[in-house]
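Please keep the model open while reading.

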Protein chains: 2
Amino acid sequence: MVDPTAPRIAIAQYAFPVGELEANTQRIIDTVAAARDELQADLVVFPELAVSGYPPDDLLLRSDFLAAVEASLERIAAACTGGITAVVGAPVERGGVRNAALVFAQGREVACAFKRCLPSYSVFDDNRHFVAGQAPCVVSVAGSRVGVTVCEDIWAPAPAADAVADGAEVVLAINASPFHDGKPAERQAVVAGRARANGVPVVYANMVGGHDEVVYDGGSFAVDAQGSVTARLSGFAEELAVFERGEGGGWFGGIAERAEGMPALYQALVRATADYVHGNGFSGVVLGLSGGIDSALTAAVAVDALGAARVQAVMMPSPYTAQRSLDDARAAAETLGIAYHEIPIEGMMADYERALSPLFSGYPVDVTEENIQARIRGNCLMALSNKWGLMLLAAGNKSELAVGYATLYGDMCGGFAPLKDVYKTDVYRLAAYRNALGPAVPEAIIEREPTAELRADQRDQDSLPPYPVLDALLRQYLEEERPEHAIEVDGLDPAERCRVIRLLYRNEYKRRQAAPGVKVTRRAFGRDRRYPITSGWSGCQQ
Amino acid sequence: MVDPTAPRIAIAQYAFPVGELEANTQRIIDTVAAARDELQADLVVFPELAVSGYPPDDLLLRSDFLAAVEASLERIAAACTGGITAVVGAPVERGGVRNAALVFAQGREVACAFKRCLPSYSVFDDNRHFVAGQAPCVVSVAGSRVGVTVCEDIWAPAPAADAVADGAEVVLAINASPFHDGKPAERQAVVAGRARANGVPVVYANMVGGHDEVVYDGGSFAVDAQGSVTARLSGFAEELAVFERGEGGGWFGGIAERAEGMPALYQALVRATADYVHGNGFSGVVLGLSGGIDSALTAAVAVDALGAARVQAVMMPSPYTAQRSLDDARAAAETLGIAYHEIPIEGMMADYERALSPLFSGYPVDVTEENIQARIRGNCLMALSNKWGLMLLAAGNKSELAVGYATLYGDMCGGFAPLKDVYKTDVYRLAAYRNALGPAVPEAIIEREPTAELRADQRDQDSLPPYPVLDALLRQYLEEERPEHAIEVDGLDPAERCRVIRLLYRNEYKRRQAAPGVKVTRRAFGRDRRYPITSGWSGCQQ
């Protein structure tokens, strides 16, 4: 039973890339027309900072950038005619720079909400760039009173409550809310609670797409005044859809599945990789295949993001490379249908040895020789990246990066690291998930014990705890911020716990020079986790 | 005419490294005793967050870290006996985490100021970590009423005014205020204005020493109620000194020269480099010498920071290296008295060419081959860094890094980049300054036209505007945030201006993986300037 007296609300769950003012503006204008003319919407809702993309970061310190946004807003305002109202996120300079939701109708701005709650945690720096709003914003649209809030506002009690106190019958939240594992459920619970607390439906519109270290998962939804979901758009995909008021006063629409578990994680990686590669002007990628699972999964992500024809794989065997690794690498490439190349590095290794031997004399063989190999491979891959005009993908995972089990300027080379925030144990889970959709990562690779193959008979587990143990420790330490002594992991003794935590701190310098990757957990290395490099705190008080 | 009825104030202008809780605590305890017993001080003042170092960043999210700070504070409190009062900066958890100035006397905490103004601009993330204080803090010390403020507080009107309204006769500001060119004068002007506005003297105590991307320059000082400087400690050096009240009611002491111009800039680089290298557990460094001015000046900084015996220089000639470069590099090393090594890379270049030629076939020679050379050098230097246990210093300057005139994983390799925030034109000025103190950078190097020598007859100015033009543009664009059309540089046409600005944006990806360096200008690359990598904003609207 649709209520024809209430506004039809169109959600423009689209990607709005950072800094793409011209394209974003045109898309907003086109979407306003489509929502009005094709979907008969009364209201069309765009995500937070749709005009500029989110987060524009220090571009917001530049008056020329803000002036260009203003010029865009004038064009958008002029397009909002013919009975439609649009809510558009944009940064505006009004008593300081504001993170605003501008409401346009009849060819002009009719109202404006300034984001009141400015997050300065996790990946967010809103306090760096914005002045907080103070007042609620409620507008009339097709006979209904609509409260407008911006992203973080819906996570705090006051903004929705104030809007309702000002007469709002429905609260709108426009967002650029980054994904992490479990976030869609968390977000829904918070919004449902807000709806119940205020006795009004909430319509939650989210951005979609990858931007540098974050990916927005879409999944825009509506809840009724009891907090029940009445509509949901798909995860990680663009969609323009209408929600309309029905029984009980909620806004209804199709209810897509909520993005969760391995499917959501995998989609996050694919979407982030595609948008990073394309957003930086590359059409394809090159990557090293070692015969191990990280590079095989990275290749699968790349293929799903870009297409097999746009992925070039390179195997660079050394004398420590087992025949099995060559076979597995080739099989991985064949399974995915990507081009496969081999560059033996033995000659280059010998050449470095010759060149450096006068300066190495008297020193024992150590990790140096392993790093030289990894850096020869990094140099070769970067050379192919440069020569072919393809972005290099780094294949490292979060577990390795946490403890520094990676070579800076070696296997850490790359424009983007799709698995940067994926624990090794999740690498296995993702490979299994992806294989269930169709063959991608050969079983032989999944079954093999992890090895860096930088010296004879090397196994990851000679230097590190078993990955299930390591990952459990890291999850508790990084994501839960548990004190060292509150870490509880079966099979982890205190000395080993301390050793791992020390490694975590000591390798901050490597992570500071690491390629960007996408946040998919509660706490990702990068802008989400800001640690000193130089630090006397070892993390471990033994 | 010293006023014996007023407190003798000791300033502990010391370095307090981040995370060094045990050492910092012991040093505070020892200093309290020295100030009391040797200097007969009534009050001893430590910098902002002296216990933890500043900024501890996300260590502040960890309860074990905060608990360890609390334990330190108990020990410090117990040591403040025998008539002395101590003002100690530390993070404390009280209704959220606070950036506090704790006042200890008679073996216990007698008062506490919470930082009220939390900066979230430039390098600062205080809003990420702290809850703001609301109230002023005024304590009685030896018969005087002393208002206590924390760093940013003194840059705003309210905190000092509120303290004076509460009876403060003198305002104390404890700081960890990072240096940039011109900052000491700016700081003094602000503090003098605050003193005049409130009609009270201000005693300003600053941290000293390098921490990652910032360096604190010390230069603690006092101004009287008219804003005149009545005492000043030295710049960039540790000092424990007493200020005592004299005629007119100001606090007097020796007046050291204010750190300014090239001497200050050079000292900033030396201090930051020394503290970064030592703070990360290295005793010495290795660096590449190219025969150019950047690496020669970097070597001079390293020698002044660490001593000539702790600096190893490596020249890695290719077929494009002029004999002159070899001669100049050797002369630079000889002038500084540092070890000098040569590693010809021609053989390795040929080997990469052989290995890659099947995959390069059909593609013209381009910048790829130049990058391979730079990365061979990076690999060799990192190998020596690994083998010898020395930190690699990168020699790149700010002008190059701005426009991407550097090879990622090549000459950009390094644990620290001393000149990262130094414009090329200032590299010349610094070399001249340093040579005036004693021979460091051979004149032949200063006089030579800059070249990367990565291909035949290459000159920087074939790809870039003359450095004076480039640097003037960068200063206006980066430091002043001038809109593109307001840039005014003699000899720069609009097309060239646009080309440079586009390069600036397009090379953000390189800077994101660059080695850390120390901020010495108003706007440094790194945590001081946060830009998206993926961005549709080219900076230039042509």
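A:P55 sits in the loop between β2 (43-45) and α2 of chain A. Helices (H or I, at least four residues) and strands (E, at least two) are DSSP runs, numbered from the N terminus. The peptide bond joining A:Y54 and A:P55 is cis, with omega about -5°. Chain B has a cis bond between B:Y54 and B:P55, with omega again about -5°. B:P55 is in the loop between β2 (43-45) and α2 (63-79) of chain B.

A:Q40 is not a glycine, yet its phi is positive, about 50°. This residue lies in the loop between α1 and β2 of chain A. Most residues other than glycine have a negative phi, and most peptide bonds are trans.

## Basis of the values

This is a predicted model: local features need pLDDT of at least 70, side-chain atom pairs count only at pLDDT 80 or more, and totals for chains, interfaces and linings use all residues. Residues are numbered from 1 along each chain as its sequence is written, chains are lettered from A and ligands numbered from 1 in the order in which they are written, and side-chain values use heavy atoms, with hydrogens and water left out.

## Chain A against chain B

In chain A, 83 residues are in contact (heavy atoms within 4.5 Å) with 83 residues of chain B. The area buried between them is about 7100 Å², and carbon and sulfur atoms give 54% of that. Buried area is the accessible area (1.4 Å probe) that two parts lose on being put together, summed over both. On the chain A side, A:R62, A:R128 and A:K387 lose the most area to chain B, together 11% of what that side buries.

Between the chains there are 55 residue pairs in polar contact, both at pLDDT 80 or more. A polar contact is a pair of N or O atoms within 3.5 Å; within protein, one must be able to donate a hydrogen and the other to accept it, and residues adjacent in sequence count only if both atoms are side-chain atoms. α10(A) gives the largest share of the chain A side that touches chain B, 14 residues. That side divides into 40 nonpolar, 20 polar and 23 charged residues. Here Ala, Val, Leu, Ile, Met, Phe, Trp, Tyr, Cys and Pro count as nonpolar, Asp, Glu, Lys and Arg as charged, and the others, Gly among them, as polar.

## Salt bridges

Over all chains, there are 90 salt bridges. Each puts a side-chain nitrogen of Lys or Arg within 4 Å of a carboxyl oxygen of Asp or Glu. Between chain A and chain B the count is 10. One of them joins B:K387 to A:E369 (2.8 Å, N to O).

Within chain A, A:E22 pairs with A:R75 (3.1 Å, N to O). The two are 53 residues apart: A:E22 is in helix α1 (residues 21-37), A:R75 in helix α2.

## Cavities

The whole structure holds 12 cavities of 30 Å³ or more. On a 1 Å grid over the protein atoms alone, a cavity is a set of points where a 1.4 Å probe fits but cannot get out; lining residues have an atom within 4 Å of a point. Grid points are joined across faces, edges and corners, and a volume is the space filled by probe spheres set on the points.

The largest cavity has about 990 Å³ of space. Its lining has 50 residues, and A:E213, A:R512, A:G526, A:R527 and B:R512 are the closest to its centre. The lining divides into 22 nonpolar, 5 polar and 23 charged residues.

How values were computed
On a 1 Å grid over the protein atoms alone, a cavity is a set of points where a 1.4 Å probe fits but cannot get out, and a pocket is an open set with protein on both sides within 12 Å along at least five of seven lines; lining residues have an atom within 4 Å of a point.
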